[in-house]
Structure formats: C-alpha cells, structure tokens
Amino acid sequence: MNVTAIHRHRVWILAAAAALTLWGMIGLFGNGAGYTGALYWHDYTIPEVRPGSPLDEAGFQPGDLVVSVEGIPIEKLGMYSRWPRFLSRRPGESIQMVVEREGELVRGEVVYRERPGRVSGMRLGASLIAVSFLWFGMWAFFTTPTRHGLRLAAIGLVTGLALPGPNLGTWNGVKDHIQIASMVLWVLFLLRFYLFFPRPKRPALNRLVTGLLYAPWLILLFCLVLELAYHPRFYHSFGGFYGMLMLVYGGLALAAVIHTGVTTSREDLRESGMAIVLWAILVAVLPNLVAVAGWFIPPGFDIPGSSFFPLLLAVIPLGMALGVRKHSDRFSTSRLAKAG
C-alpha cells in the first residue's frame, strides 16, 4: 500500500491516536492506588527494604521470599513486574503478606501511602514526552504526504502504545508486556527513520540488514509470549534482553544521526531539514548530559532547573516533524522546478 492510499485511512489513524491518548490519560490521572515503593525479583524475593518504608514498617527484610498476598499463593498472582496491580490499595489501606525467612513463615501488614511527588512527576514527564511523539507524528503525517511523514506517524502510534493505561486487574500482565514490546519497537522505528532521513543510507535499502534489525525484536516478542504463557516460571526473566535491545537500537540510531551530520554539507543539511533535527537533538540531549555530569559534583550543589531537563526530550519529535516538513517543501519545490 502506497503513502497516498494510507492517507485515505487518516480518519482511522487519527481515531487511534486519540484513543491511545485517552488510554494514557486515564492510566495517569485515573489511578488512585497508593504507593509502597517495593520491588520484587522474578523469583518473588524482596531485594531491598529501605528504612522507614512500608516494607520496613511491616517487619520484612531483604531476601524474604513472598509466599502469599491476601491469602493468594504467589503462583496465582498477576504478572505485573513489580506488583500484581489488581491487589493494589488506596493510600491508608493495607494488604496482608506472608513471606518465608530461613524456613519460617512471617506475616506482616503493608500499608499503602500517597504517591511521592517525584514519582508522579516522573510518570507525568514520561507521558508528556510520549504524547509529544504521538501528536507531532500525527501532525507530520497529516501535513506531509510522504514516507517520512508516515514513519513519524508509526513512531507516534507505537509510542502511544507504551503510555500507562488504566488498571486492568488480572490482565495487567498482558498490558505491561505490550508496553515493553512497544518501547523497544519505538527505538527500532527511530533507528529506521534516521537510516532513511533525509535520504536512504545504503544499509536501509538492504533487506538482509532490515531482517537483522527486526529479528531480535521478534525474538523478544516470542520471549514475552512465553512469560505470559508460562507464568510464573518465566516471571519477567527477559528484562535484561529488552534493556539491551533498547541500548543497541539507540546506539545505532545515534550513529546514523552522526553519520548524516558528518557526511552531509551544511547547505544540504539546512535545505533537507536535517539541520532542524540535529538542533532539536542537541537542545534535548546536552542539558541532560550536564545534569548527569552534576551527579559527580560534590553533594550540596544543585543545577537549577535540572529536574525539568528530561522534558526537553519532547523537542526531538518537534524537530523531526519540522525537519520532515522542510524536506517535503524542498522536494515539492524541486519537482515544480523540473515540471516548469
């Protein structure tokens, strides 16, 4: 199906973008569950108990093996990576948990708290960045009937699938696995975009290379299905795999951007729209690198506004959309000149 034919279905694509946005907002603002900050390994052991935390107040210790929650054996709990969300409680409410410690059973009551502001802020910031990719992708798609605009729309829709959704009870495991697959596919689509923009690079046109890029993601998809089918035997056993994939795809995308910047003349960068993309990446990334460097500065020194630097990542999809529009205008002008 060509780009023109796909644009005939733009109403459905727009509806999908709106539905994903609503889905994400319900998950972000419609979840009144409390917070414990607890983590659990794939074998249901408690790796850490911070002083003063709900787990600490309940009397639990690192290394405790969770046996049951609210009388439900762990084998029948949901597949959520950190906690079965269908057992979540509102702030002030509690759950009864039984753990095994040195061969003995220990019972405790975990009381939920209000979600800390920093946690809510991180969730909101990540959602804003995802929504930026979604709607700047839609803008590029609707205003530039080219394959670059279509690729941006695909990036946006995949990012929308990674938005936090509402509590689905025992179906949370399926939802969370879809989000994981979507996040990895999002980075892969970014790589594909930079391989083709502003003009295709040689690896982008090679079918073998394309197959090699998609094969690890398909393997990940198979592993995620295994986790769902054989829970809890494979209870989130492949976290390192999808983290590694995101790192590799992200590194290759950065290499593609650098290659374009180094091998393209300034005039061509400007006229093709790639200069806008490069500036957007610099504006988004450099302040965050400064913030990371601040971690190594002696304690007590704080870079003003550094907590908001991650929000600058939303500039990247804006720059990509503007770059695609610039490239489309140049292509249209060139085509009109040839016709004249």
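**Salt bridges, helices and loops**

Tutor: Gladly! Arg199 and Asp268 join their side chains in a salt bridge, with N and O 3.0 Å apart. Keep in mind as we go that this is a predicted model.

Student: Which parts of the chain does the pair of Arg199 and Asp268 tie together, and how many residues apart are they in sequence?
Tutor: Arg199 sits in the loop between helix H6 (172-196) and helix H7 (207-229). Asp268 belongs to helix H9 (residues 266-272), so the pair ties together parts of the chain whose separation in sequence is 69 residues.

Student: Is Asp268 buried or exposed?
Tutor: A residue counts as buried under 20% relative accessible area. Asp268 has a relative accessible area of 14%, so the label is buried.

Student: How far apart are the closest N and O atoms of Arg101 and Asp64?
Tutor: Happy to take that one. Arg101 and Asp64 form a salt bridge, and their closest N and O atoms are separated by 2.9 Å.

Student: And how many residues apart are Arg101 and Asp64?
Tutor: Arg101 is part of strand S3 (residues 94-101). Asp64 is in the loop between helix H3 (54-58) and strand S1 (65-69). The pair links distant parts of the chain, at a separation of 37 residues.

Student: Are Arg101 and Asp64 buried or exposed?
Tutor: The label applies under 20% relative accessible area. Both Arg101 and Asp64 are buried.

Student: How exposed is Arg50, which meets Glu48 in a salt bridge?
Tutor: The side chains of Arg50 and Glu48 come together at 3.6 Å, N to O. Glu48, at 42% relative accessibility, is partly exposed.

Student: How many salt bridges does the count come to?
Tutor: The rule asks for a side-chain nitrogen of Lys or Arg within 4 Å of a carboxyl oxygen of Asp or Glu. Arg50 with Glu48 is one of the pairs, and Arg101 with Asp64 is another. The count comes to 5 salt bridges.

Student: How are H4 and H5 oriented relative to each other?
Tutor: The axes of helix H4 (residues 117-143) and helix H5 (residues 147-161) come within 7 Å and cross at roughly 150°. Angles over 145 degrees count as roughly antiparallel. That makes the orientation of H4 to H5 roughly antiparallel.

Student: What is the handedness of the crossing, and how many nonpolar residues are in the contact of H4 with H5?
Tutor: The crossing of H4 and H5 is left-handed. From H4 the contact includes Phe133, Leu134 and Met138, and from H5 it includes Leu152, Ile155 and Leu157. The residues of this contact include no charged ones and 4 polar ones, and the nonpolar count is 11.

Student: Which residues does Thr36 contact, leaving aside neighbours within four places in sequence?
Tutor: Thr36 is in the loop between helix H2 (10-29) and H3. At 17% relative accessibility, Thr36 counts as buried. Its contacts beyond those neighbours are Pro54, Val110 and Tyr112.

Student: What is phi of Glu102, and where does the residue lie?
Tutor: Glu102 is exposed, with a relative accessible area of 82%, and phi has a positive value in this residue other than glycine, near 55°. Glu70, in the loop between S1 and strand S2 (72-73), also has phi near 55°. Glu102 lies in the loop between S3 and strand S4 (104-111).

Student: To finish, how much of the protein chain counts as buried?
Tutor: The chain has 11 helices and 4 strands. Of its 340 residues, the part that counts as buried is 42%.

Technical notes: Residues numbered from 1 in each chain as written. Predicted model: local features only at pLDDT ≥ 70, side-chain atom pairs only at ≥ 80, totals over all residues. Heavy atoms only, no water. Buried < 20%, exposed > 50% of the residue type's maximum accessible area, 1.4 Å probe, protein only. Helix = DSSP H or I, 4+ residues; strand = E, 2+ residues; numbered from the N terminus. Axes fitted to C-alpha atoms, helices over the stretch in contact; angles between N-to-C directions. Parallel < 35°, antiparallel > 145°, perpendicular 65-115°, else oblique. Left-handed = near helix turned anticlockwise from the far one by under 90°. Contact = heavy atoms within 4.5 Å. Nonpolar A, V, L, I, M, F, W, Y, C, P; charged D, E, K, R; others polar.
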